[in-house]
Amino acid sequence: MIVTVINQKGGVGKTTTAVNLAYIMAKDKNVGLLDMDPEGGTSFSFGIRRDKREFPIGGKSVNIFNVEVFPAHLGLLKLELGGEVEDVVKEIKALGKDYDVLVIDTPPNLGTLAVASMIAADKVISPVTPQPLAMEAVRNLDSRLQSLGKSASAFTNMSKKAVELELKSVKFVHVAIPPSKLFSESSRLGVPASRYEEVRFKKARIGKLYEELGKVVLE
Ligand SMILES: Nc1ncnc2c1ncn2[C@@H]1O[C@H](COP(=O)(O)OP(=O)(O)OP(=O)(O)O)[C@@H](O)[C@H]1O
Ligand SMILES: [Mg+2]
């Protein structure tokens with residue numbers, strides 16, 4: 001199953017979602033995590049630097065905490081600027097066959113990489129923060145999904161109160177990830193927040209929320 005995390009607004013928590021979902025699901029599934037953002041935030045969250053070389057999609061991976069991470073590399077920029085959406089979709093789908101779940105992080109736009117990742121997806125997840133621009137972005141995503149004949153689940157990030165919005169192709173699930181310092185502390189160390197929480201504290205509060213998100217969205 002291919003799970004794409006998408007929202008064209010920057011900084012709403014796409015990377016955080018992809019990284020933590022992959023980490024949590026890898027406890028009992030064969031999980032791949034594909035960084036499709038040339039900025040390489042997902043790679044960085046697993047302590048890996050962007051690769052200055054070019055690879056085909058799925059051409060380089062590192063296994064960390066049982067997650068097969070496919071880091072960002074220079075080839076992504078070329079694909080973003082000159083790649084054919086259909087070719088990228090094919091490559092992603094071929095990679096997806098090797099995993100129970102392939103989680104994909106996307107850049108903050110609806111360019112070639114994000115759109116191809118969305119088309120290839122069996123499930124689309126969108127983190128939304130309770131700010132006007134993030135709401136606007138999810139409305140845009142809704143129209144885009146409608147034109148592609150696809151649907152997505154949205155959840156609330158950085159707020160205790162769940163955002164509720166009636167849209168056609170985006171369904172809001174009742175999961176809200178609150179603001180927490182764990183995210184900045186863990187990202188400085190290059191580990192997923194739910195891993196950091198497990199090692200540092202007895203209670204896995206944030207981890208439980210991602211577990212719930214995984215269940216709600218992937219059922
Ligand atoms: N629930 C949260 N509480 C506090 N900080 C958070 C939370 N979720 C994400 N963050 C922090 O917010 C920042 C932006 O998150 P993230 O990088 O996941 O967003 P993004 O949508 O991937 O951004 P971009 O569009 O730039 O790729 C990061 O510093 C991250 O650690
Ligand atoms: Mg990101």
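Here is a short walk through this predicted model, from its ligand to its core and then to one proline.

Let's start at ligand 1. There are 18 residues around it, and the ones that come nearest are G10, K14, T15, T16 and P108. If you want to know which elements give two or more residues to this shell, look at α1 (14-25) and α7 (182-189). What sort of residues make up the shell? By class, 10 are polar, 6 are nonpolar and 2 are charged.

The core has 62 residues in total, and A22, V31, L33, V103 and I104 touch the most other members. Pick out A22 and look at its partners. Leaving aside neighbours within four places in sequence, A22 is in contact with V31, L33, V67 and V103.

Finally, find P192, which sits in the loop between α7 and α8 (193-200). Is P192 buried or exposed? It counts as buried, because 33 C-beta neighbours fall inside 10 Å, and 20 or more is enough for that label. Set aside the neighbours within four places in sequence, and P192 is in contact with V19, N20, Y23, S45 and S186.

Notes:
Residues numbered from 1 in each chain as written. Chains lettered and ligands numbered in written order. Predicted model: local features only at pLDDT ≥ 70, side-chain atom pairs only at ≥ 80, totals over all residues. Near = placed C-beta within 6 Å. Helix = DSSP H or I, 4+ residues; strand = E, 2+ residues; numbered from the N terminus. Nonpolar A, V, L, I, M, F, W, Y, C, P; charged D, E, K, R; others polar. Buried ≥ 20, exposed ≤ 12 C-beta atoms within 10 Å, placed from the backbone. Contact = placed C-beta atoms within 7 Å. Core = buried A, V, L, I, M, F, W, Y, C linked by C-beta atoms within 7 Å.
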